[in-house]
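Work through the exercises below with the structure open beside the text. Try each task before reading its solution.

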Amino acid sequence: MSTSKTPVLPVIMAGGSGTRLWPLSRAGYPKQFLVLSGNESLFQLAARRLAALAAPDLELAPPCIVGNDEHRFLVLDQLRETRQEPSSVVLEPLGRNTAPALTLAALAALEGGEDPVLVVTPADQTVTDGAAFTAALQQAVRIAAEGGITILGITPDRPETGYGYIRTTADAGGLAVAQFVEKPDLATAGKYLAEGGYYWNSGMFVLRASVWMKALERFRPDIAEATRAAWAARKTDGKFVRPGKAEFAAVPSESVDYAVMERCPGTDIPLRMVALDAGWNDLGAWEAVWQVAEKDEAGNAFVGDALIADSQNTLVHATSRLVGVVGLKDVVVVETADAVLVSDRARSQEVKQIVNRLGAEQRGEQSLHRKVHRPWGWYDSIDNGPRHQVKRIMVKPGASLSLQMHHHRAEHWIVVSGTAEIVNGDKTILLTENQSTYIPLGQTHRLANPGKVPLEIIEVQSGSYLGEDDIVRFEDTYGRA
């Protein structure tokens, strides 16, 4: 292997909550893990794009993922579906914005004694021209390898008010960043487009790990010091790296842009920009989803079982049933099994108001879907009443739930497909299709799939309290209390 290769570490920031894509995006299953079209999630598409960066002069490492502890198994499962393994999955115990997240990735990158070029991207963007994206990012890596910071700026095609802008100046090395500009009003955005030299801030940047640490220590030494303390207190569990929770709670919350990038122009830290014209979109709201979707001659776009009549420029996203719309213009309709959103397309960013109300009222639709993903598989709550609940449960091959008991409910299990290995008190039994068992209240039990195909069962719960917190775990493969 040639020693002249530049080491490159892709860093995927996967910790966002994606509230503006509610009801499809929930706190427990945010937008980066959603499949909005095709058959891969935004996170999987981001991982595939970064895997294409390999070149004769670039030594590409497996990606480092920085995300929320709650989503750790989603990250691993979705990455493995793309046939990739991460170099590490750094788990934030709580959200502290992007500057501390990138600092964790930089500290992880420097741990092995190398100083790779970090290619940092959010997990929730789309790109339609993969070749142009790869070429621009490879160019950015080669510039950043010399010791500066390189930002990807999006060539604007309209006076957009939803993005921050980068003002550039031309010099011998290409484009230098002169200024970061906040989201403008429509008239100012039109002026930027007419003048030229302005680009949308993509949130993607490329720099060596040591360059980030030096810049952060210069501009925000408080973030650098507190994050180092959290990193020093980390625990490692396989691919998972968990910074110290108490130490990380003391880290100031700040974005990469505010902490470092916006302070660089006019200093001795080289800040350059590579223009990206690759059909980019950050899918910040349903309006953006409509913009990138395939449309009919009337400008309508749909996903799922939808019938659209006499409507224009409307988006319909159906997930669990037929949705019909008539006579709509510039509207978004999003249907899930437990919630429906109808919004003026131009005001779809305001869905956050609904999410905030759901949170204030402590309603489950803010955090979870009816179908809830777990490290062992998923469950779908298909019916419930005051003293009963019916769930459809899928357990992956080789996976098992925890050894547990409930104080307030009994359970009946009926196998629909596959083979179930069941611990029921002091007995262990095997059940196959159409066979069933009864778990009395207070009985220790466990459900496992010893087979090679997914196990599906119907679970009927009955009792005085049916909440998910009525679980006493005795053994658990996944480190849950």
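Two strands pair if DSSP finds at least two bridges between them. Helices (H or I, at least four residues) and strands (E, at least two) are DSSP runs, numbered from the N terminus. The model is predicted: local features need pLDDT of at least 70, side-chain atom pairs count only at pLDDT 80 or more, and totals for chains, interfaces and linings use all residues. Residues are numbered from 1 along each chain as its sequence is written, and side-chain values use heavy atoms, with hydrogens and water left out.

**Exercise 1.** Describe the protein as a whole: its secondary structure, its extent and its surface.

Solution. 
- Step 1: The secondary structure consists of 11 helices and 29 strands.
- Step 2: Along the principal axes, the C-alpha atoms occupy a box of roughly 75 × 60 × 40 Å.
- Step 3: The radius of gyration is taken over C-alpha atoms, and the globule rule is 2.2 Å times the number of residues to the power 0.38. For 481 residues, a compact globule would have a value near 23 Å, which agrees with the 25 Å of the protein.
- Step 4: Buried means under 20% relative accessible area (1.4 Å probe, protein chains only). Of the 481 residues, 50% count as buried.
- Step 5: Contact means heavy atoms within 4.5 Å. Of the contacts with a separation of 6 or more, 68% are between residues 24 or more positions apart.

**Exercise 2.** Find the sheet that contains β15 and work out how its strands are arranged.

Solution. 
- Step 1: The order is β13-β15-β17-β18, an open sheet of four strands with mixed pairing.
- Step 2: β13 (301-303) and β18 (340-344) are the edge strands, and each pairs on one side only.
- Step 3: Strand β15 (residues 315-318) runs parallel to strand β17 (residues 331-335), and four bridges join them.
- Step 4: V316 has V333 in β17 as its bridge partner.
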